[in-house]
Amino acid sequence: MERFEIVLACPSCHVGARLTAFEPDDTDQAITWTDGYREIAGVPPPLQLVRCCACNAFYWTDMATPVLEPLASDSVAEIETPDENSYYEAIDRGLGSDQERELALRVLAWWRGNDRFRKDAARDRYPTDRRAIRNIERLVDLCGDGNHEILLTRVEALRQLGRFDEASETLAGICSDYELAAVRYGSLIAAHSRHLEILFD
Ligand SMILES: [Zn+2]
């Protein structure tokens with residue numbers, strides 16, 4: 001994989017922050033989970049939304065201006081990976097103002113919440129706290145129609161909520177190009193499993 005650093009200027013206060021970006025390639029070891037998160041060995045989650053460490057504002061990295069003049073890298077703070085709660089806070093602050101952004105933030109919150117289940121196969125591996133449940137209930141509503149990826153997100157959210165009949169109905173609308181994934185979701189639904197699982201590795 002390729003690794004490179006960029007410095008972004010916060011759109012609110014213009015203070016720069018360092019972001020390490022990764023360009024994965026085919027030789028990287030990757031696991032795709034049933035929630036759609038593709039985990040690549042040694043690569044942190046992608047940073048679509050970040051929090052400015054100077055003014056605390058959230059901003060989308062694709063809306064921030066890269067700083068072109070070279071800066072001594074130790075003078076620029078490294079951007080932190082937001083956790084599940086940061087994404088909820090961003091939603092509360094209105095960062096998910098259009099449907100596409102809201103969907104992105106809710107999927108990111110879900111993935112970061114599910115991270116704890118990727119490391120521990122022994123426990124119940126689906127959201128149980130109220131905020132996380134409300135988040136995936138909203139995901140079900142946001143993913144009512146769309147491409148196969150959006151529909152599979154809906155299937156998985158319904159499955160993790162234990163709404164197996166609705167998950168089956170949504171799964172029936174997935175086209176045959178995604179048969180491998182569909183078969184896997186179908187067997188988990190048939191077994192009434194709510195657990196996060198590996199989809200492909
Ligand atoms: Zn700022």
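Me: Let's begin with R18: is R18 buried, exposed or partly exposed?

Reply: Happy to start there, and please keep in mind that this is a predicted model. The idea is to count neighbouring C-beta atoms: 20 or more within 10 Å make a residue buried, and 12 or fewer make it exposed. R18 has 17 C-beta neighbours inside 10 Å, so it counts as partly exposed. You will find R18 in strand β2, which spans residues 16–23. For a sense of distance, R18 and Y185 are 167 residues apart along the chain, and their C-alpha atoms are separated by 39 Å.

Me: Now the helices. Which residues in α1 are buried?

Reply: An α-helix has 3.6 residues a turn, so residues three or four places apart point the same way. In α1, the buried residues are E84, Y87 and A90. Viewed down the helix axis, the buried residues of α1 fall within an arc of 120 degrees, so they line one face of the helix. The face turned away from that buried side carries the exposed residues N85 and D92.

Me: What do the buried residues of α1 pack against?

Reply: Their partners are β5 (49–51), β6 (58–60) and α2.

Me: How do I read the way α1 and α2 are arranged?

Reply: Look at the angle between the axes and at their separation. Helix α1 (residues 84–92) packs against helix α2 (residues 99–118) at an angle of about 160 degrees, and the axes are 8 Å apart. An angle over 145 degrees counts as roughly antiparallel, and α1 and α2 are therefore roughly antiparallel to each other. The crossing of α1 past α2 is left-handed.

Me: And which residues of α1 and α2 meet?

Reply: From α1 come E84, Y87, Y88, A90 and I91, which meet E102, L105, L108, A109, R112 and G113 of α2. By type, the residues of this contact divide into seven nonpolar, one polar and three charged. While you are in this region, look just after α1, where G94 takes a positive phi of about 90 degrees.

Notes:
Residues numbered from 1 in each chain as written. Predicted model: local features only at pLDDT ≥ 70, side-chain atom pairs only at ≥ 80, totals over all residues. Axes fitted to C-alpha atoms, helices over the stretch in contact; angles between N-to-C directions. Helix = DSSP H or I, 4+ residues; strand = E, 2+ residues; numbered from the N terminus. Parallel < 35°, antiparallel > 145°, perpendicular 65-115°, else oblique. Left-handed = near helix turned anticlockwise from the far one by under 90°. Contact = placed C-beta atoms within 7 Å. Nonpolar A, V, L, I, M, F, W, Y, C, P; charged D, E, K, R; others polar. Arc of directions from axis to C-beta.
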